[in-house]
Amino acid sequence: MITITVGVEWINDFHSDACSQNKLVYMNSHAEGFLNSMVAKGHVSVFDWGNDNAWETDFRNPASGGGGDALNWSDEVNFCYFADHGGNWSNVLHIAFSKSHNQCLGASDTWKLGAKNLKWLVLDICDGTLDTTASAVVDVWGGPMQGIHLIFTFVGNTSPWSASEGSDFGSDAGSGKVLSNAWLDRTFSSSIGNSPIAIAAGATQDEAINRRENETVNWRDYPVSSTNWLAWKWRY
Amino acid sequence: MPSIQIRGKMPDLPESLPPIFRLRVPRVNERALLNLAHRFKLKGREQAGSISRDASSFTYSEGSFDLTLHRASGAFRFKDRNRWQVDHRSNVEFSDEEAIKLARTQLRRYKLLPKKSKVLRVSRLHVATAGPERRIQDHRVIDVAVCFQPIVRGLPVDGPGGKLMVYLDHEGKLTCLDHISRRVGPVYRKVIQLHSPEHAVDQARRAWETRGIERVEISEVRFCYYELGWNEEQRYLQPAYYILATLISANERIRTGDIHVTPAAVNAIGRLVPPLPRRVAQKPRK
């Protein structure tokens with residue numbers, strides 16, 4: 001088993017200021033549960049930033065200005081897990097931060113995911129995509145996916161329905177199970193009818209499908225040469 | 001005080017008060033695992049397969065089949081590794097009604113169909129691709145999953161548990177079966193009175209107020225028995241209100257789902273949901 005590096009960020013608590021959002025409760029359990037499960041399987045923890053310690057610049061690519069420092073944080077690790085609020089408008093995903101460093105909202109059009117080391121990103125948020133049409137998936141993710149292999153998120157709204165969603169997924173991912181299937185299995189709840197989705201990139205259609213269906217953490221060193229194709233899988 | 005809009009109908013309460021049941025201690029050991037394997041028509045012998053163990057479960061593997069039994073709950077999953085969630089380039093074309101019929105047949109075959117149950121949801125596993133032309137291609141459905149809820153004294157069992165999930169491929173064949181349904185024991189306590197659904201909403205309102213939430217839409221208030229998930233111990237099955245809501249940000253652009261669970265019985269026992277682990281505060285980042 002290849003050893004991979006892991007970083008997590010999560011936000012539960014917001015303040016009554018310009019960055020104000022509704023407070024959340026399970027986000028630390030999800031993100032840190034994922035991290036702990038990965039470490040228990042022999043992988044390496046690099047960072048764990050919560051609440052005001054989670055910063056928008058950790059995801060912004062330096063080429064987008066604004067103090068973008070993704071290459072030292074989210075894109076410094078192989079697997080990043082982010083748990084928080086999300087909102088999707090104008091074909092851009094936005095993630096909410098409790099402290100403005102340097103923005104209250106991170107925006108996916110400032111990201112170049114996979115420019116350095118990042119292979120897999122969990123966005124444990126609402127509205128990772130608004131629906132599953134080509135425009136909703138490709139227009140939002142075709143640009144930011146710049147070398148990353150897979151993104152795991154949710155279609156529309158979801159509710160954190162169990163404290164162990166992150167640790168369960170980490171346990172499967174860390175032990176070499178197929179990543180897309182592990183995400184869909186561990187985060188779908190028939191009680192609430194949410195819709196988890198995994199989005200894979202590839203230079204060709206076959207490559208994107210192959211990653212969607214078969215990729216595990218052992219594929220770390222099998223790079224995506226270009227994001228010409230996306231292949232996605234969701235339960236609803 | 002959060003502003004709350006209730007979009008769904010409040011649940012009707014039964015005429016007779018649903019009691020609190022004791023749940024039977026699950027029989028979870030390797031012998032129970034092998035006995036369960038026989039039920040699924042496996043050989044169920046260590047010579048024919050292998051048993052692996054971890055902190056939360058035992059798994060018996062034989063050929064492409066894995067049968068996992070969870071220690072805390074007695075819940076189990078029977079799956080075919082080669083077929084469950086795997087895209088063999090097929091497409092499920094049958095309707096929800098046909099899927100429900102096929103799923104019931106599978107549960108009967110393994111003697112797992114509860115005496116009373118209802119269908120909670122039929123979900124489908126979809127795949128799709130798009131290339132440089134940004135047009136969807138190869139959109140197919142590779143499985144259909146039927147989720148049944150057991151009914152106890154007229155009430156559905158809900159929560160992370162209280163589920164029998166049957167996954168079927170394009171031919172209607174079983175690829176996986178999840179059984180998270182604890183065995184109900186004798187009545188432990190009669191319920192002397194139920195809180196009203198409005199009381200449950202008020203409890204939720206207080207919880208949201210503590211979190212500083214300002215605007216909430218409640219989509220559904222369910223009256224049910226509440227059951228925990230795969231890896232949690234549970235001693236009693238109690239009536240509960242299960243509230244599904246959406247929290248809305250001040251600018252209305254960011255919405256998130258939220259679940260609030262509260263005991264329905266005035267004389268409920270303890271907590272329904274385990275407390276979250278204590279959070280360790282981080283030092284400010286420099």
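Predicted model: local features only at pLDDT ≥ 70, side-chain atom pairs only at ≥ 80, totals over all residues.
Local features are reported at pLDDT of at least 70 and side-chain atom pairs at pLDDT 80 or more, whereas totals for chains, interfaces and linings use all residues. Residues are numbered from 1 along each chain as its sequence is written, and chains are lettered from A and ligands numbered from 1 in the order in which they are written.

Chain A contains five helices and 10 strands; helices (H or I, at least four residues) and strands (E, at least two) are DSSP runs, numbered from the N terminus. The C-alpha trace of chain A spans about 50 × 35 × 35 Å along its principal axes. Of the 236 residues in chain A, 65% are buried. A residue is buried if 20 or more other C-beta atoms, placed from the backbone, lie within 10 Å of its own, exposed if 12 or fewer do, and partly exposed in between. Among the contacts in chain A with a separation of 6 or more, 74% link residues 24 or more positions apart; two residues are in contact if their C-beta atoms, placed from the backbone, lie within 7 Å.

Between the chains, 47 residues of chain A are in contact with 45 residues of chain B. On chain A, at least two residues each come from α1 (27-40), β2 (44-50), β4 (86-89), α2 (134-141), α4 (179-187), α5 (205-214) and β10 (229-235). The most is given by β10(A), with seven residues. By class, this side of chain A has 20 nonpolar, 23 polar and four charged residues. Here Ala, Val, Leu, Ile, Met, Phe, Trp, Tyr, Cys and Pro count as nonpolar, Asp, Glu, Lys and Arg as charged, and the others, Gly among them, as polar. Strand β10(A) also pairs with strand β7 (residues 117-130) of chain B, in the antiparallel sense and over six bridges; two strands pair if DSSP finds at least two bridges between them. In this pairing, the bridge partner of A:Trp234 is B:His126 in β7(B).

Within chain A, an open sheet of three strands has the order β4-β5-β6, with antiparallel pairing. Its edge strands are β4 and β6 (105-107), each of which pairs on one side only. Neighbouring strands of the sheet are turned by 25° against each other on average, direction ignored; axes are lines fitted to C-alpha atoms, for helices over the stretch in contact, and angles run from 0 to 180 degrees between N-to-C directions. Four bridges join β4(A) to strand β5 (residues 92-96) of chain A, and A:Asn88 stands opposite A:Leu93 in β5(A). The loop between β4 and β5 of chain A holds A:Asn91, a residue other than glycine with a positive phi, near 60°. A:Asn91 counts as partly exposed, with 16 C-beta neighbours inside 10 Å. In the loop between β5 and β6 of chain A lies A:Asn102, which is joined to A:His101 by a cis peptide bond with omega of about 10°.

Strand β8 (residues 150-154) of chain A is largely enclosed by the rest of the structure, because five of its five residues are buried. A:Leu150, A:Phe152 and A:Phe154 lie on one side and A:Ile151 and A:Thr153 on the other. Strand β7 (residues 120-124) of chain A pairs with β8(A) in the parallel sense over three bridges, and A:Val122 stands opposite A:Phe152. The loop between β7 and α2 of chain A includes A:Asp127, whose phi is positive, near 65°. A:Asp127 is buried, with 25 other C-beta atoms within 10 Å.

Helix α3 (residues 165-174) of chain A is likewise largely enclosed, since 10 of its 10 residues are buried. The elements that cover these buried residues include α1, β3 (79-83), β7 and α4 of chain A. After α3(A) comes A:Gly176, with a positive phi near 90°.

In chain B, B:Gly74 lies in the loop between β5 (65-70) and β6 (76-80) and is buried, with 21 other C-beta atoms within 10 Å. Leaving aside neighbours within four places in sequence, B:Gly74 is in contact with B:Pro26, B:Arg27, B:Val28 and B:Arg182.
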